[in-house]
Amino acid sequence: MTRVGIDLSNLFSGAEYSQEVHELEAQVLDLQSEIQQLRTSGSQELEAKLQELREQLAEGGVLEVSLALVSPNPDQPRQTFTEESIQAIAQSLHSDGQQEPIILMEQEPNRYLLFDGERRWRGARRLGWQTLKAVVIPEPELLHRRVLLANLHRENLNALDTAEALVREISHQVSLKEADIPRLLRTTVRRLERHGHLPTLGDLVLASSEQQRESIDRFELDATEKNVLQILLGLQLNPASVSANIFPMLGLLDDLKQAIREQGLGGMHALALQRLSAKNLLDKNPNIQKDVIKRARARLLKQVITNKLSVAQVRKLVAEEISRHTKISKPSPTQRQVEGLIRNVEKLDMNQLERSHLEQLQEALRSTLSDIEAALGNA
């Protein structure tokens with residue numbers, strides 16, 4: 001495949017966000033950074049800037065790229081592509097054709113990663129297309145942060161995708177294991193709350209990077225905690241909200257994570273259903289079986305999805321279900337007597353009993369067994 005070369009050094013002179021694209025192909029990546037900033041802020045200029053990027057890259061040539069040479073970005077924060085959205089884009093491609101080229105990053109000769117247009121790529125594959133029109137930019141360094149910014153606010157990422165993307169991004173920038181990040185943030189937020197700093201933290205979301213750093217430096221935190229706050233604020237996210245509403249998604253049960261990805265279950269709905277778990281119920285009723293809990297959760301999940309229940313309705317349903325499974329009735333005197341007899345028989349050491357005692361016990365048990373069978377037959 002032949003493509004016309006692009007003079008990257010002169011393509012986007014005068015772009016605004018040079019500091020955002022450290023050690024990258026400065027002019028092209030300045031515009032990429034501007035696009036990502038607009039996505040983060042939810043600006044209406046976003047599509048115009050994307051179009052500008054396409055048009056200027058198109059000066060170097062629009063390619064017909066084989067879909068087999070294109071890979072989805074493995075660091076793509078958006079892991080959820082619903083059946084409805086893919087079907088809709090496939091229908092649009094079928095009826096109207098491809099209106100705009102997708103934007104690819106050159107990974108190696110004749111291999112590309114998607115920068116913009118994964119839904120179109122998926123839709124084209126569903127239609128059996130062999131190629132798509134594309135424009136190509138070099139693969140940037142710090143890829144994960146750039147694509148995270150590109151997706152974080154452009155559309156509403158579900159909370160699970162957001163949580164996984166954020167811990168990956170923080171782990172890339174700070175020497176922390178992904179599993180340790182939610183706990184560190186939770187501890188940090190609690191400390192700030194005790195010192196009355198949470199209102200200030202919330203005000204910093206829309207502040208400049210310099211103002212964010214200056215305020216964070218006044219908090220009584222260690223360097224790692226400050227870095228984590230700075231990363232989240234740099235993405236225009238309130239760390240306290242991330243800790244309370246986003247990171248809890250990482251601890252969801254696998255069936256609830258699957259429902260978020262494949263069935264569009266809301267994050268807060270999933271957290272409500274999470275209460276219906278063996279971990280929560282076995283302490284209250286040790287006799288309940290895990291598969292019973294799982295079936296009950298699956299039944300409620302189906303009801304939530306089918307009826308599009310509100311979070312409040314889900315919480316009420318879950319509370320009723322928990323009450324039903326954990327309500328242990330007080331044993332009757334007869335029940336206590338039966339349980340006591342069973343325990344006494346189980347405690348007997350048959351090897352220590354004389355033969356005459358064993359014969360008496362056998363006869364008593366036979367007689368009692370006959371009475372039990374008769375009672376069961378009349379029940």
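**Figure 1. Overview of the protein chain.** The secondary structure of this predicted model comes to 19 helices and five strands, where helices (H or I, at least four residues) and strands (E, at least two) are DSSP runs numbered from the N terminus. Buried residues, meaning those under 20% relative accessible area with a 1.4 Å probe and protein chains only, make up 41% of the 379 residues. Among contacts (heavy atoms within 4.5 Å) between residues at least 6 apart in sequence, 69% join residues at least 24 apart. Residues are numbered from 1 along each chain as its sequence is written, and side-chain values use heavy atoms, leaving out hydrogens and water. Because this is a predicted model, local features need pLDDT of at least 70 and side-chain atom pairs count only at pLDDT 80 or more, while totals for chains, interfaces and linings use all residues.

**Figure 2. Helix H12 and its surroundings.** Let's zoom in on one helix. H12 spans residues 239-246, and its buried residues are Pro 239, Ala 240, Val 242, Ser 243 and Ile 246. What covers them includes H7, H8 (181-194), H9 (198-203) and H11 (223-234). At the start of H12, the backbone nitrogen of Ala 240 has a side-chain oxygen of Asn 238 within 3.0 Å.

**Figure 3. H7 against H12.** The axes of H7 (residues 159-173) and H12 come within 11 Å and cross at roughly 120°; axes are lines fitted to C-alpha atoms, for helices over the stretch in contact, and angles run from 0 to 180 degrees between N-to-C directions. That angle makes H7 oblique to H12, oblique being what remains once angles under 35 degrees (roughly parallel), over 145 (roughly antiparallel) and 65 to 115 (roughly perpendicular) are set aside. The crossing is left-handed, that is, the near helix is turned anticlockwise from the far one by less than a right angle. H7 contributes Ala 159, Thr 162, Ala 163 and Leu 166 to the contact, and H12 contributes Val 242, Asn 245 and Ile 246. By class, that is five nonpolar, two polar and no charged residues; Ala, Val, Leu, Ile, Met, Phe, Trp, Tyr, Cys and Pro count as nonpolar, Asp, Glu, Lys and Arg as charged, and the others, Gly among them, as polar.

**Figure 4. H8 against H12.** Here the helices pack at an angle of about 125°, with their axes 9 Å apart. That makes H8 oblique to H12, and their crossing is left-handed. Leu 185, Arg 186 and Val 189 of H8 meet Pro 239, Ala 240, Val 242 and Ser 243 of H12. This contact has five nonpolar, one polar and one charged residues.

Technical notes
Buried means under 20% relative accessible area, exposed over 50%, partly exposed in between (1.4 Å probe, protein chains only). A polar contact is a pair of N or O atoms within 3.5 Å; within protein, one must be able to donate a hydrogen and the other to accept it, and residues adjacent in sequence count only if both atoms are side-chain atoms.
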